[in-house]
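Q: Could you walk me through this one? I'd like to start with the ligand site and then go over the helix packing.

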Amino acid sequence: MAEIYSNIWFLMILTLVFFIFLVKLLKHRKNFENFGYSKLPPGGRGLPIVGDSINWYNAVSSSHPPSFVKEQVKRYGKIFSCNLLGKRAVVSADPSFNRFIMQNEGKLFQSSYPKSFRNLVGINGVINAQGEQQKKLHSIASNMMRLDKFSFHFMKDIQLVLHQTVTNFENNEVVILQDVCRKVAINLMVNQLLGVSSDAEVDEMAHLFSDFVDGCLSVPINLPGFAFRTAMKAREKIIDKFDKIVKKHREERKSGAELVGNGLLGRLVDDESLADDTMADFVINLLFAGNETTAKTMLFAIYFLTQCPEAMKQLLEEQQALKSQKNGSDAEDEMLTWQDYKAMPFTQCVIDETLRLGGIAIWLMREAKQDIEYQDYVIPKGCFVVPFLSAVHLDENIYEDSLLFNPWRWMEPQNMEKRNWRSSPFYTPFGGGSRFCPGAELARLQIALFLHHFVTTYRFIFISKASFHTHKHTQLILIGSKSQTRLCYSTVLLSIVF
Ligand code: HEM
């Protein structure tokens, strides 16, 4: 009798599952038909329920160049539609359409991130803000990181942090360069944004922040043991720390005491244009947006240089020339000045080429705010719209030998206009329009100073290589020695000599 009941239960569950599947399938079919009616750009619907999400995920997380986009572009052209996470999406590998999206940010398009990400990064920060609030926060961020503030606020601090983080390797120590770059970037951010400078405090914040960033890039499961939960906890502790810094800053200001280690947070407090909770989200947004991007650019720059000895040689000559002008006895005398930074044209080409080829910010996430007409197409309201930046950066028709690391291409007269990363539709490593990266100049300064310290301290020799195309598993291991140091990337081995 019990067996009959269990069989009936089994059949009922099976029927239910089948029924759900059928409904989803029909809905999916209907969606696809709607694709046609609304004159969406051409494209396929992918698998039922999941659409193209798996192929998309595999492509963006592991390949170089992203094969999914390349394949679709071959089949349908530079603007195509697909189905991501069960939702319509229009993906663009077209410079003009990317420019159209960026120029209409806020009007026709808005940034669109999952709810879990919004909660973690903060709903009051610039990344998730829309409309007037986004404009206000963006202008505060841009203003705080204006070029003319660097020579005063950032130049010395950056080099002090680099000195603490990049030159402390033991003889024959094995370190993972990916971790070194991450640590450098986190320490720099913590120092410049929070004004924290003691080793212990920087370490504490860097640790919390590392947990936080890991959670932003993880599956959003808010249960003990999951990276997302750890990140939420780290967020709370970071905000606690902010509150303490803000309180201390206000007390010092009131008592007329000399303010030490202001950081951007201190300047925000003085500015009084933001409420305390908005201020916390604002700074967390900057930390998030500036950390992984800067760390990856540093990492890829070193990797690409090791693959191109001529570029390495020219960069080293440029940096050695600057270093040789310094003959001070302590770390401060050795520091580069703002004028030195302005006198490194080849290093700037290396940074530009790394940003082009390295695919640091691969694509952006937007949503259509209303039905949008573009050329012969209509993009329906609510559709995901994804400008795929690296597809343009790696387009053979735009960049000859696009997969080759060639920093000299940026010296060619025909590329001068293309190179303008503020306005060129062909080169958008920092996005564009009203969401243009406010930290772009700061990031470039940090990377240039990092390269200076790294290449003038170590010399690398390439030994072997494997699976560089997987961004996710990028690993450069540095085996340090005063006389002979080795750098390896997964199985990429390089020798470095002091
Ligand atoms: C090499 C390093 C960096 C790269 C490649 C990069 C790239 C980008 C890109 C492509 C965007 C546009 C996102 C979009 O349109 O949705 C962006 C936005 C942003 N970036 Fe950066 N970034 C870098 C470093 C930094 C740094 C150092 C900071 C701050 C300290 C920063 C802060 C921001 C913020 C706050 C936004 C959001 C702006 C808004 O939504 O209005 N970034 N970044």
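**Ligand shell and helix packing**

Q: How many residues surround the ligand, and which are the closest?
A: The ligand is surrounded by 25 residues, and the closest are Ala289, Gly290, Gly431, Cys437 and Gly439. Keep in mind that this is a predicted model.

Q: Which helices supply at least two residues of that shell?
A: Helix H6 (131-144), helix H13 (276-307) and helix H18 (440-457) each do. H13 gives the most, with seven residues.

Q: And how do the shell residues divide by type?
A: There are 14 nonpolar residues, 10 polar ones and one charged one in the shell around the ligand.

Q: Staying with H13, at what angle does H10 cross it?
A: The axes of H13 and helix H10 (residues 199-216) cross at roughly 85° and come within 11 Å. An angle from 65 to 115 degrees counts as roughly perpendicular, so H10 is roughly perpendicular to H13.

Q: Which residues make the contact?
A: From H10, Phe209, Val213 and Cys216; from H13, Leu287, Phe288, Asn291 and Glu292. Five of the residues in this contact of H10 with H13 are nonpolar, one is polar and one is charged.

Q: What about H13 and H16, how do their axes cross?
A: The axis of helix H16 (residues 345-358) comes within 9 Å of the H13 axis, and the two cross at roughly 100°. H13 and H16 are therefore roughly perpendicular to each other as well.

Q: Which residues meet there?
A: On the H13 side, Lys296, Thr297, Phe300, Ala301, Phe304 and Leu305; on the H16 side, Val350, Ile351, Thr354, Leu355, Leu357 and Gly358. The residues of this contact of H13 with H16 divide into eight nonpolar, three polar and one charged.

Q: Changing topic to H11: how many residues does it have, and how far does it reach?
A: Helix H11 (residues 227-255) has 29 residues and reaches 42 Å from its first C-alpha to its last. That is close to the 42 Å expected at 1.5 Å a residue.

Q: Which of the H11 residues are buried?
A: Phe228, Ala231, Ala234, Arg235, Ile238, Phe242, Ile245 and His249.

Q: What covers the buried residues of H11?
A: The cover includes helix H5 (115-121), helix H9 (177-194), H10, helix H12 (263-271) and H13.

Q: And what follows H11?
A: Glycine 256 follows H11, and its phi is positive, near 75°.

Note on methods
Residues numbered from 1 in each chain as written. Predicted model: local features only at pLDDT ≥ 70, side-chain atom pairs only at ≥ 80, totals over all residues. Near = placed C-beta within 6 Å. Helix = DSSP H or I, 4+ residues; strand = E, 2+ residues; numbered from the N terminus. Nonpolar A, V, L, I, M, F, W, Y, C, P; charged D, E, K, R; others polar. Axes fitted to C-alpha atoms, helices over the stretch in contact; angles between N-to-C directions. Parallel < 35°, antiparallel > 145°, perpendicular 65-115°, else oblique. Contact = placed C-beta atoms within 7 Å. Expected span 1.5 Å × (residues − 1). Buried ≥ 20, exposed ≤ 12 C-beta atoms within 10 Å, placed from the backbone.
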